[in-house]
Amino acid sequence: MKRLANIYRLGVKELRSLYRDPVLLFFIIWVFSGGIYTVATATTQELNNAPIAVVDEDQSQLSTRIIHAFYGPYFKTPELITLDAIDPGMDAGLYTFVLDIPPDFERDLLAGQQPTIQVNVDATMMTQAFIGSSYIQNIVTGEINEFMQAYRAETTLPIGLAVRTKFNPNLTSTWFGSVMEVINNITMLAIVLTGAAVIREREHGTLEHLLVMPLTSFEIMTAKIWAMSLVVLAAAALSLQFMVQGLLAVPIAGSVTLFLCGAVLHLFATASMGVFLGTIARSMPQFGLLMILIIMPLQMLSGGVTPRESMPELVQNIMLAAPTTHFVSFAQAILYRGAGFEVVWPRFLALIVIGTIFFLAALAFFRKSLNTAQM
Amino acid sequence: MAELSVAHLHDVSLCYSQIAALDKIDLEIPAGCMVGIIGPDGVGKSSLLALISGVRKIQTGQVEVLDGDMRSSRHRTNICPRIAYMPQGLGRNLYMTLSVFENLDFFARLFGQSRTERHQRIDELLESTGLTPFRDRPAGKLSGGMKQKLGLCCALIHDPDLLILDEPTTGVDPLSRRQFWQLIHRIRERSTGMSVLVATAYMDEAEAFDWLVAMDAGRILATGSPQELMTRSGSANLDAAFIELLPEEKRRGHKELIVPPRTSQAEGSLAIKAWNLTKRFGDFTAVNQVSFEIERGEIFGFLGSNGCGKTTTMKMLTGLLPATEGQASLFGHPVDAKDIATRNRVGFMSQGFSLYGELTVRQNLLLHAQLFHLPQGQIVARVNEMIEHFKLNIYVEEPAEKLPLGIRQRLSLAVAVIHQPEILILDEPTSGVDPVARDNFWELLINLSRNEGVTIFVSTHFMNEAERCDRISLMHAGRVLDSDTPAALVAKRQVKTLEEAFIAYLEEAGGEGSNTSSEVVVPPVVSHRKQRPGAFSLLRLFSYARRETLELKRDPIRLTFALLGTVLLMFILGYGITLDVENLPFAVLDRDQSPQSRDYIQNISGSRYFIERPALYDQAELEQRMRSGELSVAYEIPPDYGKDLKRGRTPEIAVWIDGAMPYRAETTRGYVEGMHYAYILDLAQRTLGGIPRISYADIAVRYRYNQDFKSIYAMVPAVIPLLLIFIPAILMALGVVREKELGSITNLYATPVTRLEFLLGKQLPYIGVSMISFFGLVALCVFVFGVPLKGSFLALTLGALFYVTAATGLGLLISAFTRTQIAALAATAVVTLLASVNFSGMTDPVSSLDGAGALIGHLYPTTYFLILSRGIFTKALGFSELYRDFLALAAFIPVLTLLSLILLRKQEK
């Protein structure tokens, strides 16, 4: 009972301290509101406004049709350039795609000579390059087929193919971007807030003060974890409600409550991690650098930015120990695909295990770190 | 002496939030003498000095110093080299990792002294302060007294006309204190025109000054020579005189404090026992075989200077630090860090302020009352009692960090006794507390000891407090010199006062720097060359750059992170991030189960992009397995597929793709369609023996710059810009905000260094470090990842130089907005992470962004360096193709510097 009361009191103290730090408060609010809005509306993982140029050496009816087939939102209005403008334009990164329609294309086509259209793709633009080139192939083929229909009988393929996309039928990237940003912010803030809270207490000498009181390291740590988790959870919940579902009008497939339950487990794990890092680092600048070294891989390799299955086997296995991998996995399952508890429970379990390990490690280090501190 | 007064203040007021620090001050400070500003803490002494020195911005009123208006920045710049300011706090303007010599050298350079002049002055100052043997010791490892001496040396390096010292001897042992004042006197003998302005809470020191200003509550009580003040109030000493000068309501209830003798009621039972306690940190012995026994109800004092081991001993008693050797026990139980029950019986007040600065006075008291589990009903009453007792009434709703030092200490005391402990361990509880409050506090202590039997273990550097203890231990350099009742100690040394006794003990122990008394008087150096203040000076700039480099070099962890961190992240990101979509898990719901359908499936599972998972049995299972994310793709082959195919009835295969991650879904769709057409061609060839005409034209796709279409070639050159903005910006932002937090920013306010010199000087070392990590990253790219550098390395290096300059400039800009390191950290992380990952063209070109994202993309340096890095790495481009991006990148540098310059203030607000 006394323990619970202590944990409660200390947590309230954390909340009050946070309330008095306007800069930090502003940033928490910003990352969950404006930050999400800008990311969601600006990033385009699917093809959007791809810069394209066309060298029209044919100047025929068909070539004009092909040029007009490229329009927004997938492509920018094609720029008509000359042959020798291809290299400088692509070098400067002005165009990701350049189409070269050869001379006499239409005539050769009608003569059945199977002419070739060249598509130059800037392959350093990984995201756009592949998707864009398959779009271009479809569009060009479609235009040619339509054009030819006027002259030849239609040929059908022996097997039809109906491709449907589940969970996000139009592949709108706002859906993906906004929710992923909420997920990433949860991880980042949980680590930053708790870790920094530990260091601030140590730098100000208040930690020692707590340790000579009838309090245990367990109580001090737990208080920080619940208080900071609560802040992040509340901010995330509000953000999902008003930013993601409200302003950005992104439909959430599954139960937000289930997601938040999982988020609590994730927060337990990441906030413990924050305490752990705060214990290892000796000063705030050190914590900052350490945090970056930890957060970057946690987020980049979790499967939230790029698909997990494309990573090297070793990386995939190592990342199984990271809470973000499980968090991203169940968050995507619940929020995008509407999965229920029966689907995501193994992930929840993994988070509990990881969280407990981090928590115990942090606890073990907590008091020890004080002993090595001089003065 | 041309000037009659060195400073003239008229109607000066200063407020911090609601509390008035100075209230309509009118003051004329005579020139050429030693002026003391006396009064307890929190009465406005520091604010007054900060205004006179030009460090703090004037709110209302007129301040004239050295014949000019301190509101005019031109006048401030002109007289800045004539003023020296030493802020409050032990070595607050010093750099702790720098050696004694390096600290002095830094200040000398700021004042534009030539090499020979610098060395001559430094040698002279070190000689006369007795610091010569410690020339190469880091400032952080000096004792408190030596730190103050070093601070004084730094202030005196440029022969100021006005020397301003804010509580220079607080927390310093008596021997060092005596030496400090001897030093000041010798300096004044040498340069007679110099005015010295000292704030102090030690009345005994002030008695030797020429002229005094007694202050209380932001007002001036009286001015005049010590003799005048004493005669005016009819007191024998200044302590008493000051109390007499206080307004009636403050004096009320104050009387000479008398310690009643101990009634030996609890004789024999020991409260605290320590034997042979020793603590070593590495090869440094902080506490050396300390033994003592404290009886219940006794007041036991530890007398000694800062850094002599008092604090460490106390921490061992509380269980905060384990002893290296020896043992300690409380109430007969050995000290055990896990013993919660004992902690309820102990009250601890650590040195310095250790409460929650952001909580109000009441919140702090309530929190501690609750954590000690006082009975619910009594908490409020007890808190109010404490507020009353410690006179905190007017501060109740004020955040603790906003309180003046003295008031904060009072609050700490209140917190330490709120749960009525049986043992009180107080580490320098009264440093900085005014005499009246100190007596009040001791009254409480005596009451606790005598009437309630509380054992009190207190450390102090005040002699008069030590005299009130039942027994004291004299501590120096980790050892107890002697231990007895104060009277016995005085008797043993055959001197008159405890102070003299202590000094005798110290001299016997061969205290550091005790050879100061050697009268080395070197003729003052004539300054050969005076830097015109205000003008831009490379010397001052490099002085800051040099100092920052030294600090960075002395912080191996920060340095390692800065250099190795980038390389480590490069490994992780280079191997981990891949935009190649491969190994997609798929499963098939085959409703036909014919050889034809199996043939189609085999075609897919043979692809390197797909990995087959156990087959599906029905639609519900398909739904469920896709929901869990186990399957990225699901195929459904209709019944009678094989039959229909043979009869030419065009069966249709349905494919479901997981659209949760749009990028992956798009790519997957491309694969699915591609394989479908390839299969049809293959099938046609096998069954019909010829290729059907399914298209009229060929589309030849050329993947340029990255023929293999491997994401590592595209990603690795993109990761370099990402990493080179993170770490440099964060290091830089912390570098500046750290100075704000630690207080060394005062050197910007108080020395002639300009804002531009400060900013650029601090920036240079970080640019250097970032360039080193840049070379490391390029080496990693080329030799480990095998990504060839096709273009000019020189061009890339130049671009990187522009880029890290801009990145550190961004850090500087962020540091202008943030006050705490934690805020700077969060701000920099968010700003750099968000913008560089999302808006700079790392995954999508900036030209395809919309709205705010596009705007940020165009106004962010990473965008341009990304083009450079990719262009030079993969496209073999050079200056001629990329000059626009070079120019854009270069343009960030003056813009960011200018913005930081505008936002940085040369005065404290």
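**Entry 1: a strand in chain B.** I began with a pairing inside chain B of this predicted model, where strand 6 (residues 162-166) of chain B runs parallel to strand 7 of chain B and is joined to it by 5 bridges. Reading off one position of that pairing, I found B:L165 opposite B:V198 in strand 7 of chain B. Strand 3 (residues 34-38) of chain B also pairs with strand 7 of chain B, again parallel and over 5 bridges, and there I noted B:A199 as the bridge partner of B:I37.

I then asked how many residues of strand 7 (residues 195-200) of chain B are buried. The count came to 6 of its 6 residues, and I wrote the strand down as mostly covered.

**Entry 2: where the chains meet.** Turning to the contact between the chains, I noted that 122 residues of chain A and 128 residues of chain B take part. On the side of chain B that touches chain A, helix 25 (residues 662-688) of chain B contributes the most, with 12 residues. That side of chain B consists of 70 nonpolar, 36 polar and 22 charged residues.

I also looked for strands of chain A that pair with strands of chain B. Strand 4 (residues 116-122) of chain A lies parallel to strand 24 (residues 698-704) of chain B, with 7 bridges between them, and A:V121 faces B:Y703 in strand 24 of chain B.

Entry 3: In which order do the 5 strands of the open sheet follow one another? I read the order as 5(A)-23(B)-22(B)-20(B)-21(B), with mixed pairing. The edges are formed by strand 5 (160-166) of chain A and strand 21 (610-612) of chain B, each of which pairs on one side only, and from one strand to the next the twist averages 25°.

The link between the chains in this sheet is the parallel pairing of strand 5 of chain A with strand 23 (residues 652-658) of chain B over 7 bridges, in which A:V163 stands opposite B:V655.

**Entry 4: one residue in a helix.** I picked B:F774, which sits in helix 28 (residues 755-784) of chain B, and asked why B:F774 counts as buried. It does so because 22 C-beta neighbours lie inside 10 Å of B:F774, where 20 or more are needed. Apart from neighbours within four places in sequence, B:F774 is in contact with B:L724, B:A800 and B:V804; B:L724 is 50 residues away in sequence, with a C-alpha to C-alpha distance of 7.2 Å.

**Entry 5: chain A.** Chain A divides into domain 1 (1-43 + 171-373) and domain 2 (52-151), whose centres, taken over C-alpha atoms, are 47 Å apart. The unreviewed UniProt entry annotates "transmembrane region" on several stretches of chain A, including 21-40 and 175-199. I checked these two in the model: residues 21-40 of chain A are 90% helix and 0% strand, with end C-alpha atoms 28 Å apart, whereas residues 175-199 of chain A are 100% helix and 0% strand, with end C-alpha atoms 37 Å apart.

Note on methods. Residues are numbered from 1 along each chain as its sequence is written. Chains are lettered from A and ligands numbered from 1 in the order in which they are written. This is a predicted model: local features need pLDDT of at least 70, side-chain atom pairs count only at pLDDT 80 or more; totals for chains, interfaces and linings use all residues. Domain bounds come from an automatic or database domain assignment. Two residues are in contact if their C-beta atoms, placed from the backbone, lie within 7 Å. Helices (H or I, at least four residues) and strands (E, at least two) are DSSP runs, numbered from the N terminus. Ala, Val, Leu, Ile, Met, Phe, Trp, Tyr, Cys and Pro count as nonpolar, Asp, Glu, Lys and Arg as charged, and the others, Gly among them, as polar. Two strands pair if DSSP finds at least two bridges between them. A residue is buried if 20 or more other C-beta atoms lie within 10 Å of its own, exposed if 12 or fewer, and partly exposed in between; C-beta atoms are placed from the backbone. UniProt positions are given in the numbering used here, feature names are shortened, and annotations may be inferred rather than shown by experiment. Axes are lines fitted to C-alpha atoms, for helices over the stretch in contact, and angles run from 0 to 180 degrees between N-to-C directions.
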